[in-house]
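The sequence and model are displayed first.

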Amino acid sequence: MKSDIRNKNIVLGVCGGIAAYKSVEILRLLKKHDARVKVIMTANARWFVGPLTFEALSEQPVYTDLFEKSSGDASIRHIDWAREADAVVVAPATANIIGKFANGIADDALSTFLLAVTSPVMFCPSMNTNMYLSKSVQKNLKTLKADGFIIMEPGAGELACGTSGPGRLPEPEDIVDRIIALLSVKDLKGKRILVTAGPTREPIDPVRFISNPSTGKMGYAVAKAAEYRGAEVMLIAGPTHLPDPINVKVVHVVTAVEMAQAVFTNSKHSDIIIKTAAVSDYRPKEQAKTKIKKEKDEIALFLEKNLDILKELGKRKKNEILVGFAAETQDLKNYAQKKLTEKNLDIIVGNLVGQPIGGFGTDTNEVTFFYKDGTFESLAEMRKDAVAHILLDRILERITVS
Ligand code: CTP
């Protein structure tokens with residue numbers, strides 16, 4: 001996968017701040033992604049979390065003292081670790097380390113190591129709001145940005161010191177997400193990609209609707225993968241429980257009509273359009289203004305057809321790559337190829353739904369890509385993020401050839 005941190009050497013710098021406990025979770029998540037992680041702690045960080053915790057989780061010695069001679073190599077450890085690192089993340093980054101590094105001061109293990117690093121470095125500032133907004137910290141952060149270092153903006157909210165405002169360490173999942181982005185191949189840089197995801201809901205009355213079991217996982221996986229790889233991504237999403245992907249413009253819609261409007265307004269300049277959404281084909285012809293009461297033994301619901309958004313995009317198609325998804329319960333090849341032709345697509349991703357593996361709500365999928373030249377490619381069952389990356393690879397191959 002082009003955004004994979006498996007076997008990457010990542011150094012986690014931990015400074016003395018209340019949020020140091022979150023660094024343990026960052027380490028755990030990085031290890032879950034099979035990254036090789038080494039931890040450097042400042043002396044003050046040891047007041048908050050013990051080095052043993054990091055040592056046990058990273059399965060590596062923790063570096064805390066520049067002059068410590070545990071295995072005879074301590075004096076050059078900062079150089080070796082710096083040379084090996086694929087990426088470095090300092091989280092939490094205190095005002096102290098930001099100030100020291102912005103001004104070239106190297107007086108402990110972490111600051112000395114940082115000066116020797118040539119790989120990308122991301123700082124995650126975390127401190128009291130007034131400290132964070134102080135002229136001095138802001139000036140130092142500006143210096144670091146200008147020097148090419150990545151600063152992950154802190155979150156706003158209630159802080160441990162009782163104040164409220166910017167200064168909170170972002171959630172560990174989000175920090176790890178940005179490390180993955182940092183290490184991803186940027187082969188989609190300059191490409192504008194529009195993705196649709198999730199189901200639509202077609203209201204019957206104010207409290208009821210017609211929908212389907214789509215959870216949006218496939219579309220969100222595509223949007224995230226494209227963002228990791230440097231694309232400018234817009235995601236038009238029906239109702240889902242998934243968090244908005246970082247650095248992706250998300251437009252939330254509910255009905256098929258709203259989705260159509262959002263797609264047509266935003267698709268004009270797209271290089272690639274990927275429609276994973278499970279759009280309701282029909283909507284109730286009339287919507288009751290108030291809750292329908294169960295007075296009658298039988299009621300009929302009249303449905304009218306929604307516009308086929310993808311087919312309409314196919315009619316208007318110019319040079320953009322158009323990709324659809326086809327969920328079928330039988331005869332996948334025939335139905336998918338029929339949709340590919342009728343909707344004027346470049347690729348359609350077909351999968352059989354109603355099976356124990358893949359389909360709605362699962363983390364994995366077993367899909368076949370059908371191409372407009374009549375060929376097809378069946379993939380083994382794999383995680384939806386892996387499907388997303390292979391799909392983006394195939395799209396890129398088509399852009400490069402044309
Ligand atoms: N689609 C769309 N607008 C609709 C219905 C579907 O844009 N009103 C898109 C979906 O996002 C998907 C593709 O068309 O990319 C195929 O959707 P699917 O539900 O599998 O097929 P339909 O075209 O709706 O045909 P049918 O329901 O008869 O299988």
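## Basis of the description

The model is predicted; local features require pLDDT of at least 70, side-chain atom pairs count only at pLDDT 80 or more, and totals for chains, interfaces and linings use all residues. Residues are numbered from 1 along each chain as its sequence is written, and side-chain values use heavy atoms, with hydrogens and water left out.

## The chain as a whole

The protein chain contains 13 helices and 21 strands. Helices (H or I, at least four residues) and strands (E, at least two) are DSSP runs, numbered from the N terminus. Along its principal axes, the C-alpha trace spans about 80 × 50 × 40 Å.

Of the 402 residues of the protein chain, 50% count as buried. Here buried means under 20% relative accessible area, exposed over 50%, and partly exposed in between (1.4 Å probe, protein chains only). The accessible surface of the protein chain comes to about 20,000 Å², and 51% of it belongs to carbon and sulfur atoms. Such areas come from the Shrake-Rupley method with a 1.4 Å probe; for residues, only the protein chains shown count as cover.

Among contacts between residues at least 6 apart in sequence, 66% join residues at least 24 apart. A contact means heavy atoms within 4.5 Å.

## The ligand site

Which residues are closest to the ligand? Of the 14 residues that surround the ligand, the closest are K275, A277, D281, K339 and K343. A residue belongs to this surrounding set if one of its heavy atoms lies within 4 Å of the molecule.

| Residue | Protein atom | Distance to a ligand oxygen atom |
|---|---|---|
| A277 | backbone N or O | 2.7 Å |
| F325 | backbone N or O | 2.9 Å |
| K339 | side-chain N or O | 2.8 Å |

Taken alone, the ligand exposes 570 Å², and the protein buries 77% of that. Helix 11 (309-316) and strand 16 (321-328) are the elements that give two or more residues to the shell around the ligand. The largest share, four residues, comes from strand 16.

## Helix 11 and L313

At the start of helix 11, a side-chain oxygen of D308 reaches to within 3.2 Å of the backbone nitrogen of L310. The buried residues I309, L310, E312, L313 and G314 lie in this helix. Their cover includes helix 10 (256-266), strand 13 (272-275) and strand 16.

L313 counts as buried because its relative accessibility is 4%. Leaving aside neighbours within four places in sequence, L313 is in contact with V263, F264, S267, I273, K275 and L322. L313 and S267 are 46 residues apart in sequence, and their C-alpha atoms are 8.7 Å apart in space.

## T196 in strand 8

T196 belongs to strand 8 (residues 192-197). Is T196 buried or exposed? T196 is buried, because its relative accessible area is 0%. Apart from neighbours within four places in sequence, the contacts of T196 are G219, I236, M259, V263, I274, K275, T276 and A277.

Helix 4 is mostly covered, with six of its eight residues buried. These are I97, I98, G99, K100, F101 and A102. They pack against strand 3 (87-93), helix 5, strand 4 (121-125) and helix 7 (135-146). Just after helix 4, G104 takes a positive phi of about 70°.

D108 lies in the loop between helix 4 (95-102) and helix 5 (109-116). With a relative accessible area of 18%, D108 is buried. A polar contact of 2.5 Å joins the side chains of D108 and S111. Not counting residues up to four places away in sequence, D108 touches T42, L66 and K100.

## M41 in strand 2

M41 is located in strand 2 (residues 36-41) and is buried, with a relative accessible area of 1%. The C-alpha atoms of M41 and T64, 23 residues apart along the chain, are separated by 5.0 Å. Beyond residues up to four places away in sequence, M41 touches several others, including V14, R46, F54, Y63 and T64.

Technical notes: Polar contact = N/O pair within 3.5 Å; in protein donor to acceptor, adjacent residues only side chain to side chain.
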